[in-house]
Amino acid sequence: MSSPVITPVAGRIGAEITGVQLGGELPAETVKEIRAALLRHKVIFFRGQDHLDELGQVAFATLLGPLTTAHPTVPALSDGSPILDLDYSNGQKVDRWHTDVTFVDRPPLASVLRAVVVPPAGGDTLWASTVAAYENLPREVAELVDGLRAVHTNQFDYTRVTTSDNPERVREYAEIFASTTFETEHPVVRVHPETGERSILLGDFAKRIVGLPGDVSASLIRLIQDQVTQVENTVRWRWAPGDVAIWDNRATQHRVVHDFGQQPRRLHRVTIAGDLPVGIDGRPSKVLTGDASDYSPISPVTPVTPVAA
């Protein structure tokens with residue numbers, strides 16, 4: 001079997017991989033190359049994976065590591081399934097930058113997202129490299145954020161309900177999403193456990209900086225987030241049915257471009273269990289509220305040297 005062909009699609013983040021048919025029977029060497037490309041490029045894309053169904057997606061994702069349950073609070077696609085059904089026909093607008101599930105102590109290592117139904121135009125997804133964001137901070141700002149810690153929570157921002165296309169459905173979803181309260185204190189700058197790179201750990205679930213007044217905390221989060229989402233740190237993917245995206249959740253943020261109105265858009269997500277984030281001072285994240293042990297087992301990490309593009 002020939003090696004995957006890896007082609008960068010933006011300067012700081014993202015690559016498309018061709019020559020691979022994803023599934024649970026991939027050779028170990030191909031899986032190793034995929035994982036190394038993920039570490040190097042932070043998000044990788046595969047076109048034309050129309051052969052994949054739910055079982056095939058799960059079988060492939062399992063090759064990358066032990067899986068989490070679908071979500072700490074939101075029901076899975078079906079009983080016992082690790083698939084989260086992201087169906088945007090309920091009027092919800094998930095259009096804020098975030099890293100997945102940072103309100104628990106062990107956010108996912110990576111996510112595998114498969115396009116099931118996409119609009120003919122619109123509904124793209126953006127990713128930002130939180131490693132590139134940190135590396136391009138002014139030195140004085142980097143020194144400021146290095147020692148900060150932030151509290152992340154799943155308590156829903158109900159201002160989103162009033163701006164949604166279907167407030168009643170979104171309110172129902174919000175109640176499910178926040179049905180169990182989770183709060184975790186994370187370092188704002190974490191050390192990637194496989195590459196040793198420093199990355200910014202914030203996003204929409206980050207609600208306050210520990211030890212700072214509310215207004216100062218909000219301003220500082222906004223300042224750092226503006227650095228993360230600078231266009232130079234981002235890549236944008238135009239979905240087609242059968243596309244698969246995999247991103248390193250320890251080194252990225254992402255968001256949907258909600259420009260598709262009432263058109264159907266449905267994707268299935270599977271997440272790989274992650275590790276406990278550690279700051280540059282060696283201090284790990286700590287739980288403040290909630291027990292997420294049923295959501296995510298502790299995943300052992302095997303260092304991989306990224307392959308050249």
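Let me start with a term: two strands pair if DSSP finds at least two bridges between them. Helices (H or I, at least four residues) and strands (E, at least two) are DSSP runs, numbered from the N terminus. Now an example. Which residue in β14 is the bridge partner of Trp127? His254 is. The strands here are β6, residues 125-129, and β14, and they pair in the antiparallel sense over five bridges. β14 covers residues 252-256, and four of its five residues are buried. Buried means under 20% relative accessible area, exposed means over 50%, and partly exposed lies in between, with a 1.4 Å probe and protein chains only.

Some ground rules. This is a predicted model, where local features need pLDDT of at least 70, side-chain atom pairs count only at pLDDT 80 or more, and totals for chains, interfaces and linings use all residues. Residues are numbered from 1 along each chain as its sequence is written, and side-chain values use heavy atoms, with hydrogens and water left out.

How confident is the predictor? pLDDT is its confidence in each residue, from 0 to 100. The chain's mean pLDDT is 90. In 86% of the residues it reaches 70 or more. Residues 304-309 are another matter: pLDDT stays under 50 there. The model still has 19 contacts for that stretch beyond four places in sequence. A contact means heavy atoms within 4.5 Å. Where pLDDT is low, the predicted coordinates should not be read in detail.

Next, the overall layout. The protein chain has seven helices and 16 strands. Of its 309 residues, 54% are buried. Take the contacts with a separation of 6 or more: residues 24 or more positions apart account for 84% of them.

β4 and β15 pair in the antiparallel sense over four bridges. Leu84 stands opposite Arg269 in β15.

Now the cores. A nonpolar core is a set of buried Ala, Val, Leu, Ile, Met, Phe, Trp, Tyr and Cys residues joined through side-chain atoms within 4.5 Å. The largest has 26 residues. Leu22, Ile44, Phe46 and Ile246 have the most contacts inside it. Elements that each supply at least two residues of this core include β2 (15-18), α1 (28-41), α2 (54-64) and β13 (244-248). Ile246 touches Leu38, Ile44, Phe46 and Phe60, among others, not counting residues up to four places away in sequence. A second, separate core of 21 residues includes Trp97, Leu148, Ile209 and Ile221.

Last, salt bridges. The rule is a side-chain nitrogen of Lys or Arg within 4 Å of a carboxyl oxygen of Asp or Glu. The count comes to 19.

One joins Arg47 and Asp243, with the closest N and O atoms 2.4 Å apart. Arg47 is in the loop between β3 and α2, Asp243 in the loop between β12 and β13, 196 residues apart. Is Asp243 buried or exposed? It counts as buried, at 1% relative accessibility. Arg47, at 35%, counts as partly exposed.

Another joins Glu185 and Arg149, with the closest N and O atoms 2.5 Å apart. Glu185 is in β8 and Arg149 in β7, 36 residues apart. Glu185 is buried at 8% relative accessibility, and Arg149 is buried at 6%. Finally, salt bridges that share partners join Arg35, Arg190, Glu194, Asp248, Arg250 and Asp275 into one network.

Key:
pLDDT is the predictor's confidence in each residue, from 0 to 100.
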